[in-house]
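The sequence and the structure are shown first.

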Amino acid sequence: MPSTNNSTAIAWVDSVYNSLSDSERIAQLMVVRLSTYDFINKKAVFFDKQVDSLVRKYNIGSVCLFQGDPVQQANILNHLQSVAKTPVLTCIDAEWGVGMRMFDSVQALPKQMMLGAMQDPCIVYEYGKIVGEQCKRIGIAVNYAPVVDINNNPDNPVINDRSFGEDKYKVAEFGVQYMKGMQDVGVMACAKHFPGHGDVAVDSHFDLPVINKSMAQLDSLELFPFKKMVQANVGSIMIAHLYIPAIDSSKNRATSISKNNVTNLLRNKLNYQGLTFTDALEMQGVKKYFPDGDASVQALIAGNDMLCLPGDVPQAIGKIKEAVSNNLLSWNDIELHCKKVLMAKYQYRAVLQKPIDTVNLVADLNKDIPAMKRLVAENAITLLHKKDSVFFPFSPEKNNNLYDVAYIGIGINKDNAFAARMRKDYNADVFYFNYKQDSLRILSLVQLIKSRYRSVVIGIHAYNRVPANNFGIDSASNTFVEQLQQYSRSITIVFGNPYVIKNWCNAGNLIACYEDDDVTQNTAIDLLQGKISFKGKLPVTVCDNLKFGCGIITSLYYKR
C-alpha cells in the first residue's frame, strides 16, 4: 500500500482541507451511487447528471460504480474527475472482479467459496492482482473486497458463497492473500463485513440481522480474520449492519452506527486506525430504524470515516451540521475523517488522476479472466465420493458406443458446454429436465434410462445461489436425481453453491464444481477423464458425512 508518512502528503492534505467549506468537508465523507440495474427492462440506469450536480455543488467525496457498460462508466468518471474541485475517490463492490457489476461485457471470476476449495493460497494472491489490475484499468481506487466473513450458517441468505468458507484460518489466510494481491498493484482493499456477517439468517438489505453470541465467542471466531487483516495492513474495513447485543444492546442499533463497535472494538481494542466505510446506508438493516439522514449522523458519531450510499445528500449534510450544533459531533471529528479520506486520495492519486483510456478497455478487462477461471477450476473442483471405478477415469475410448452413456442435465433446457462435451466425447444421449417437470415424466425417464444405458452422468445446473426454498430445486427434481442414483451406475456433478449437496449426501459418485460456467464445465470433463488430478476440498460442511476439508485427491490417469 502506498506510504503516507511523508511531509508532502501531509502538506497536500492540509492544503486541500483548508480550501474546503464546511459543507464540502462533510460531503467528502459521502459515497454516492453512479448507476443501478433495471431488471424489468434489463438495462443499466445511470445517475450521471445527478452525480455531476453533487460533485459541482457539494464537492462530493466518492462515487461507487455498479452496473453498466465499462466504456460509458469510464467516460463518466473521466468527466467527473475533470470537473471535481477535489479528486473523486472511485469505489466498486467487485468481489469476483468487475464482471460482478459490468456483466453485460466483462466475464466474472469465480466467487470466494470456490476459491476456498483450493489448497494453494498463492493462487488467491494472483487472483487479487488480476482484480486489482481490472480496477486500475477502469480508474477504480477502492474495491470493497475481500469478504472475510466466516460462513458458519448454511442458511445465510446474503453471504453464503461470497465467503471463503467456514474455517477461520482459511478465511483469514485467503483474505490476506486476496488483499495483498490488490494492494500490491495499487488498489485499496476493504475487509468486510465487520465484525462478521457469516452467522445470520436475515439479509441486512431487508432487515436488521441479530447475532446472539458472547464477546468470547465473537473474539474466538468472527473477529479472527479481521484481526489478521488489520495486522496485514488492509487499506479499509466495511462495517456491517448487524444487531449484536454483546457489543451494543441499545435498541435497534446496528453495528454500523455503534460507537461500541466502531470506536471501542475496532479502533481501540483491535487497534485499527485505517479508513472505514459503512455498509450501504440505503439498506433496510439501518435505514428502517434511522431514516432521512439520521443514519449518516449516527455513523459518524460511531467513528466511521465514509458514509456509503447515504441517500439524500443535502439532507444528510444538514443533519450532520445540526448534530455539530447540538454537540453530538464536533468539527474536530469532521476534520479527522475528512483528512483520512484526503490522505487516501493522495495515496491512490496515480489511479485517480490518470484519465481512463477507453481504447480496448473491454478487451483489457477480460484478458486475464479465462486463464484464472481455468486455474481455479483445476484446483477447486472436489471429488467427494468415488464408488465406481469406471468413472475414474471415465474414458471416452471405453464409453462411446450407442446407449453406453446418458447425460441428464437437471435445470437446463438446451445444451450447455458440459452437454456438448458429453455428446462429442462420449456419443452420449442428452436429456433435459427443468425444475418444473411432473412426476409422470420422472417415472418414464427413470425406466428408460435404467433399461437402456450402462452409465449415467447427472449434472445439477442453474439452481439459485441462495438457500431459500432449497435453492429453487423442487421435490420432483430431487426425487428424480435420487431415483437415478439408486437404479443406475451414475455419477452426480453439482455445478454451483455446494450447500445444495445436502440433498444427495449419499450419492455413490459425487463431484462439487462450485460454479456453472463454460470453463468450469469443460474443466470438470477433463477431470473426469483423468487429464487433471482432483485437488479440491470442501470449504464448508454440507452433510454430516461431508464436512469441511473432505475431498479425495487423485493422481493423473490420462495417457497421451
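## Overall architecture

Of the 560 residues in the protein, 60% count as buried. The model is a predicted one. Its secondary structure comprises 22 helices and 16 strands. The C-alpha trace spans about 80 × 55 × 40 Å along the principal axes.

The radius of gyration is 25 Å, which agrees with the value near 24 Å that a compact globule of 560 residues would have. Among contacts between residues at least 6 apart in sequence, 77% join residues at least 24 apart.

## The largest nonpolar core

The largest nonpolar core holds 200 residues, and those that touch the most other members are Y144, F277, M422, V457 and I460. Helix α14, residues 331–347, gives the most to this core, with 7 residues.

The surroundings of I460 can be listed in detail. Not counting residues up to four places away in sequence, I460 touches I410, Y435, I473, V481, T492, I493, V494, F495 and W504.

## Helix α22

Helix α22 covers residues 518–528 and is mostly covered, with 9 of its 11 residues buried. The buried residues are V519, T520, Q521, T523, A524, I525, D526, L527 and L528.

Which elements do the buried residues of α22 pack against? The partners are the helices α5 (112–116), α17 (369–380) and α18 (417–426), together with the strands β15 (490–494) and β16 (509–512).

## Pocket and cavity

The largest pocket contains about 1000 Å³ of space. It is lined by 40 residues, of which D93, M100, R101, R162 and H205 are the closest to its centre. The elements giving two or more residues to this lining are β2 (35–38) and β7 (190–194). By class, the pocket lining consists of 20 nonpolar, 9 polar and 11 charged residues.

The structure also holds 1 cavity of 30 Å³ or more. About 40 Å³ of space lies in the largest cavity, and its lining is formed by L77, N78, Q81, T90, G139, V351, L352, K354 and I356. The largest share, 3 residues, comes from α4. The cavity lining divides into 4 nonpolar, 4 polar and 1 charged residue.

I211 is found in the loop between β7 and α8 (215–220). Is this residue buried or exposed, given a relative accessible area of 2%? I211 is buried, because its value is under the 20% cut-off. Leaving out residues up to four places away in sequence, I211 touches G196, D199, V200, L218, L242, Y243, I244 and P245. The C-alpha atoms of I211 and I92 are separated by 28 Å, and the two residues are 119 residues apart along the chain.

Q298 belongs to helix α12, residues 294–302. Its relative accessible area is 19%, so Q298 is also classed as buried under the 20% cut-off. Apart from neighbours within four places in sequence, Q298 is in contact with R253, I257 and F290. Q298 and A246 are 52 residues apart in sequence and 19 Å apart in space, C-alpha to C-alpha.

## Backbone features

Most residues other than glycine have a negative phi, and most peptide bonds are trans.

Two cis peptide bonds are described here. The bond from A145 to P146 is cis, with omega near 5°, and P146 lies in the loop between β6 (142–143) and α7 (168–184). A cis peptide bond also joins F194 and P195, where omega is about 10°; P195 is placed in the loop between β7 and α8.

N427 is not a glycine, yet it has a positive phi of about 55°. This residue lies in the loop between α18 and β13 (429–433), and at 39% relative accessibility N427 counts as partly exposed. A462, another residue other than glycine, has a positive phi near 55°. A462 is found in the loop between β14 (455–460) and α20 (468–471), and its relative accessibility of 44% places A462 in the partly exposed class.

Conventions
Residues are numbered from 1 along each chain as its sequence is written. This is a predicted model: local features need pLDDT of at least 70, side-chain atom pairs count only at pLDDT 80 or more; totals for chains, interfaces and linings use all residues. Side-chain values use heavy atoms; hydrogens and water are left out. On a 1 Å grid over the protein atoms alone, a cavity is a set of points where a 1.4 Å probe fits but cannot get out, and a pocket is an open set with protein on both sides within 12 Å along at least five of seven lines; lining residues have an atom within 4 Å of a point. Grid points are joined across faces, edges and corners, and a volume is the space filled by probe spheres set on the points. Helices (H or I, at least four residues) and strands (E, at least two) are DSSP runs, numbered from the N terminus. Ala, Val, Leu, Ile, Met, Phe, Trp, Tyr, Cys and Pro count as nonpolar, Asp, Glu, Lys and Arg as charged, and the others, Gly among them, as polar. A nonpolar core is a set of buried Ala, Val, Leu, Ile, Met, Phe, Trp, Tyr and Cys residues joined through side-chain atoms within 4.5 Å. Buried means under 20% relative accessible area, exposed over 50%, partly exposed in between (1.4 Å probe, protein chains only). Contact means heavy atoms within 4.5 Å. The radius of gyration is taken over C-alpha atoms; the globule rule is 2.2 Å times the number of residues to the power 0.38.
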